[in-house]
Every structure is written in C-alpha cells, then in structure tokens.
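Hi everyone, thanks for coming along. Let me put the sequence and the structure up, and then we can walk through them together.

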Amino acid sequence: MPVLSEQDLEQLEAYVDGELSTTEEDALRARLAAEPILAEAMRRVRADRDIRMAVWKGYEPNEASIARLVAKVDTAVDRNTHWSYKLSTLRRVSAAAACIVLGVLIGRTGSDNNAMVPDGRVAQVGNGNGNPAPGGAGGGNMRGPTMVSNPIEFPIVDEQGRPVAVQRFQTLREAQDFLEELNRFHRMQEQIRNGGGQILVPSERF
Amino acid sequence: MSTDEKPAQPPLPAGDTVALFEEAVRANSKRLLAIARAIVGTRASPEDVVQQAVMNLFQHRDRYDWREPGGLLRRAVVNEALRLLRQPKMSMVADDQPARGGGEEPSGEMDQRETVAKVRAAIEKLPEHYRSALVLCEYEQMPYAEIAKTLGASVPQIKTWIHRARRQLAVTLKEFAQT
C-alpha cells in the first residue's frame, strides 16, 4: 500500500493554509482527483484541522473575561495619563523655578562684578616713617584682591611675601576704595620721603 | 520604522490617540485573549499577558496608527506571551474558561468534547514556538510570511514548525482513536 511522503503531507497542509501558488494548486487538484490515497489524506488533514479549530475557539474568553480586561486597561490608561499630566506640570514648574534661581544667581554675580577689579599690584602700607611696617592691619603689604567669593579677601603679606593677615570686604567697591586710599597714602608717603613734610592720617581710616 | 508605525500623517490630538487605543483594545480583546491563552496555556493568566502587552504599546502610543492597529496588538501579545514563558519561574494558573454544557449531551458531542480536550492537552505540550506558529496559522489565519515576521523566524522554519506541530498532534489523535 503506497504511503504518502512527508512532502505530500506538507503540500496538502500548505494547500489548506492557502500557501500554494495557482500552478501548484492546479497540480494538486489534479492529483487529488487521480489518487484516492491522497484524497483520503486530504480528508484527514481537514478533519484534524477542524478539531484544532474547535480547540482554538475554546480558548476564546467569555464576556466576563473581556469586560475584566477592558476595565483593567482603562484603569491603567487613566492612571498613566493622570500621572503623565502631573509629571508634565511638575516639570514645567521645576523648570520655571530653576530659571528664576539661575537668574537671581546671575544677577547677584553680575552686580558684584560691576566694580572695577583692581590690578594685582602689591600695595605697600607704611607707618608714616617711610619704612614699611610689618604685619597687622594698616601694615605690611597687600596683594591684589582674590575674587573667590563674597566677601572679597585681600591677603596682607610681609616683606618676604608671607601672608600675615587677611583684609575682608563685602563688595569689590569697598575693596577698591580701600586700595585707592592705600595707594594715595603710599604716594603721599613717597612725596614726604622725597620732599619732606608730614601727613596726618585720620585714625578712623585704619 | 515597522509597518505598524505611522507613515507621514498629521498627528492626532493626544485625546484622540487614547480613545482610539482604548477602542482598538476593546475590539480585539476577544481574539487577543484567545491567542494569549493558546500560547501560555495555564502557565500564566491570559488577561495579564494581554494587559501587559497593550500597556507596553500605550507607553509609545504616538508611534502607531491606532485607526488600523492590524497586527500590532497581535504581535505585542505574542511577544509578551513568549517572554513570559521564558521566565525561569512560573506558577500555574487556574483555567478560567467555564465548562460548557451541564446536562445530558448526545454521545457524539461528548466524544467530540473529549477529543477536543485531548487535543487541547496535546497542544499545551507542544514546544512554545510550534504552538505559537500553529495558532497564528490556523486561528488567526495568517500567511507564513507574516507569522515568520511576528515570531522572528524564516518562512522555511515556520513551515517546519507548523508541519511538526501537526504531526505530533496527529499522532496524539491517532493514539486516542485507538484507545
């Protein structure tokens, strides 16, 4: 008794699946008409497929399952869109707040930078005798300001360049005024050294 | 861009997209649940599979045209079902399909129900890729090329999987008929 080959069975299945070309279908139909065994195999293929289709249909859910799924998805969608809206609002508010803070910081930094930054020359403070006085406020050397932060700091160094004190100012304007006064005092000291005479330094300045 | 992603079209308002998405889920939930059930069997809840799959799509809903969801939902459910099956630990879930009929049935129908039950048990023993290919071919009536695209395989592979799945089930049916 002739046995169908796997290739024949595959072709029968492909025919039922609608995967054969027109030419292949015509050829198979001719064989089905001529070969009873092939025709019987086709009948079994279709019968098995009908049983499997009943199984697939059996997997279809009842209305309660469908309603449950739809409700779950609707709830999840509502929750997702609700949180998306909240997060979107939060992002907008955060961005606005960040811009405001940034603007304030830039504004404060800008206003502190408006005063002319003194050059880095060393300011030498004398004691009125033409000799530089070591250390202390009003004595020693002051280097240019170090713009590190608010307040402004002037390191006061001795003859060897060692820092002996730090003069602090709240703004660059104060530091600049102080330096200008200090330089004026130096010039006056120099004039006195060279040309004689005295200067009276108001005590409240130091 | 996949075939389900939108071609150049004016974007829909956000509210329309959500409404279309919900409508697509409602319209396709029956077959999506059936596909999920066929693939995962009792190893996971079909509702959980479908819910996770559609919500994954929802996260990127603006990419897709929800007026024609087509194979998008199906592909998402198949991928999610297969992903779940590949997790190392899974617990069995109860079969939530109610038994049909409760009274006296003609013997022919009882025989068919028994046959269907046997085949169902045999289907659940098939390898997952055989089962997936078979349900997409016979229940969804998809062409081999589309099944191959959905499962990430070649057409010859799909043909082989479907053929072998059917052979295994035919053997099971034959054994059942002989008992």
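A residue is called buried if 20 or more other C-beta atoms lie within 10 Å of its own, exposed if 12 or fewer, and partly exposed in between, with C-beta atoms placed from the backbone. On that count, 34% of the 179 residues of chain B are buried.

A word on conventions: this is a predicted model, where local features need pLDDT of at least 70, side-chain atom pairs count only at pLDDT 80 or more, and totals for chains, interfaces and linings use all residues. Residues are numbered from 1 along each chain as its sequence is written, while chains are lettered from A and ligands numbered from 1 in the order in which they are written.

Chain B has seven helices and zero strands (DSSP runs numbered from the N terminus, with at least four residues of H or I for helices and at least two of E for strands).

Now look at helix H2 (residues 46–59) and helix H3 (residues 71–85) of chain B: their axes come within 8 Å and cross at roughly 120°. Axes here are lines fitted to C-alpha atoms, for helices over the stretch in contact, and angles run from 0 to 180 degrees between N-to-C directions. H2(B) and H3(B) are therefore oblique to each other; under 35 degrees is roughly parallel, over 145 roughly antiparallel, 65 to 115 roughly perpendicular, and the rest oblique.

Finally, which chains touch? 29 residues of chain A are in contact with 35 residues of chain B, meaning C-beta atoms, placed from the backbone, within 7 Å. H4(A) gives the largest share of chain A's side, 12 residues.

Note on methods:
Two residues are in contact if their C-beta atoms, placed from the backbone, lie within 7 Å.
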